[in-house]
Amino acid sequence: MITSFFNKSKPNNYIIIFFLVLLGFIIAIFKYNTLPFNTFNSLKLIFNFGLTYLSIFVLNFVVKRNSLTKENTYAVLVYCIALLLFPQVFLNVKIIISNLFIILALRRLLSLSSQKNTIKKLFDFGVLITIAALFNHWAICGFAFVFFTLLYYPEKRFNYWIIPFLGVLSVSTIVYTFYLYFPERFPDLDFILYYSWLSFTTYNWQINLAVILLLLFSLYGLLFYISGIQKKKRIKQPAFYLVVFSFLILIFISVIQPLKTVSELLFVFMPLAIVGANVLESKRLKLINEIFLFICFISVIVITLI
């Protein structure tokens, strides 16, 4: 029933998506927010909601523009379910902003299949991934996306490997210039490595339940997704492989975060949404998909109420 409703890209679907995101936001405010309610903090939270909702629109645009799914709204549905399972992500503005720029950076690489404006897209990627790293240092690991993409790119030109570094250099030069004049306005830009980066002691049983669901769906989805890539058009295959590679790198970025607040899981939502959408499109897996979505919504209710 759920998969049937979202199998077309209809205006009603986006209205439901909005209320699902709003529900996650409300849960985050009343269950996980520790800041006092005042005008400034309320505006910050509304800003976080706006950026998160914007990320969903960008994701939807990327998916449609690059034909990563069929004409449906499964990708945004999976993204929203992940938000409901982990509403804490609404409270970390730095990760929200960093994630948005990672999505924008991946958008530029995914569009390379058109073989148009290649140099501009590679430069834009370098700029966007560097901006993402300004808000979360470990996002710089996403620079590996471009190396993976260029290995599959049909035109083997040496300058293509240099262009992304020029994007990084451009942003770095501007940031460092501002830092020289206003050092007190910038946080410590050094990478801080904590020995406890693999510590998940902040995760309680509700979070662990949601993580288990996320892992099960990810493994189930990746096996189905990878097996179907060879059936795609040859020119589109690099984009689908990039989704898998980005999934692995973004999982690494989430795990390596020194301070675990659950919000770090936001990084994996984009590739998870694309992989999940491809699974939900399968008619032969319809019953399994319906059962899994039902379990997810029941889990949201349990996690929220207990």
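## Contacts and overall build

In this predicted model, 77% of the contacts in the protein chain with a separation of 6 or more are between residues 24 or more positions apart. Ser113 and Asn13 show how sequence and space can be read side by side: they sit 100 residues apart in sequence, and their C-alpha atoms are 29 Å apart in space.

As for the parts list, the protein chain has twelve helices and zero strands. Walk along the sequence and you get the pattern α-α-α-α-α-α-α-α-α-α-α-α. The radius of gyration is 19 Å, close to the 19 Å that the globule rule gives for 306 residues, so the chain is as compact as a globular protein of that length. Along its principal axes, the C-alpha trace spans about 50 × 50 × 40 Å.

## Inside and outside

How much of the protein chain is made up of buried residues? The share is 50% of the 306 residues.

Start with Thr52, which belongs to helix H3, residues 39-65. Thr52 has a relative accessible area of 2%, so it counts as buried, the cut-off being under 20%. Setting aside neighbours within four places in sequence, Thr52 is in contact with Leu83, Phe90 and Ile96.

Then there's helix H7, which covers residues 144-152 and has Phe145, Val146, Phe148, Thr149 and Leu150 as its buried residues. Which helices do these residues pack against? The partners are helix H5 (93-110), helix H6 (118-135), helix H8 (158-181) and helix H10 (237-255).

## Gaps in the packing

Rolling a probe the size of a water molecule over the atoms shows where empty space is left. Here the count comes to three cavities of 30 Å³ or more, and the largest cavity holds about 100 Å³ of space.

The largest cavity is lined by Val78, Ile81, Ala82, Leu85, Leu213, Leu214, Phe217, Leu272, Phe292, Leu293 and Cys296. Three helices each supply at least two residues of this lining: helix H4 (74-85), helix H9 (205-229) and helix H12 (286-305). H4 gives the most, with four residues. What about the classes of residue in the lining? There are eleven nonpolar residues, with no polar and no charged ones.

## Loops worth a look

Leaving out neighbours within four places in sequence, Ser113 is in contact with Ile235 and Lys236. Asn117 lies in the loop between H5 and H6 too.

Most residues other than glycine have a negative phi. Asn117 has a phi near 50°, a positive value in a residue other than glycine. Val262 also has a positive value, with a phi near 80°, and it is found in the loop between H10 and helix H11, residues 269-280. Are these two residues buried or exposed? Asn117 has a relative accessible area of 56%, so it is exposed, the cut-off being over 50%. Val262 is at 3% relative accessibility, so it counts as buried.

Technical notes. Residues numbered from 1 in each chain as written. Predicted model: local features only at pLDDT ≥ 70, side-chain atom pairs only at ≥ 80, totals over all residues. Heavy atoms only, no water. Buried < 20%, exposed > 50% of the residue type's maximum accessible area, 1.4 Å probe, protein only. Contact = heavy atoms within 4.5 Å. 1 Å grid on protein atoms, 1.4 Å probe; cavity = no way out; pocket = protein on both sides within 12 Å on 5 of 7 lines; lining within 4 Å. Points joined across faces, edges and corners; volume = space filled by probe spheres on them. Nonpolar A, V, L, I, M, F, W, Y, C, P; charged D, E, K, R; others polar. Rg over C-alpha atoms; globule rule 2.2 N^0.38 Å.
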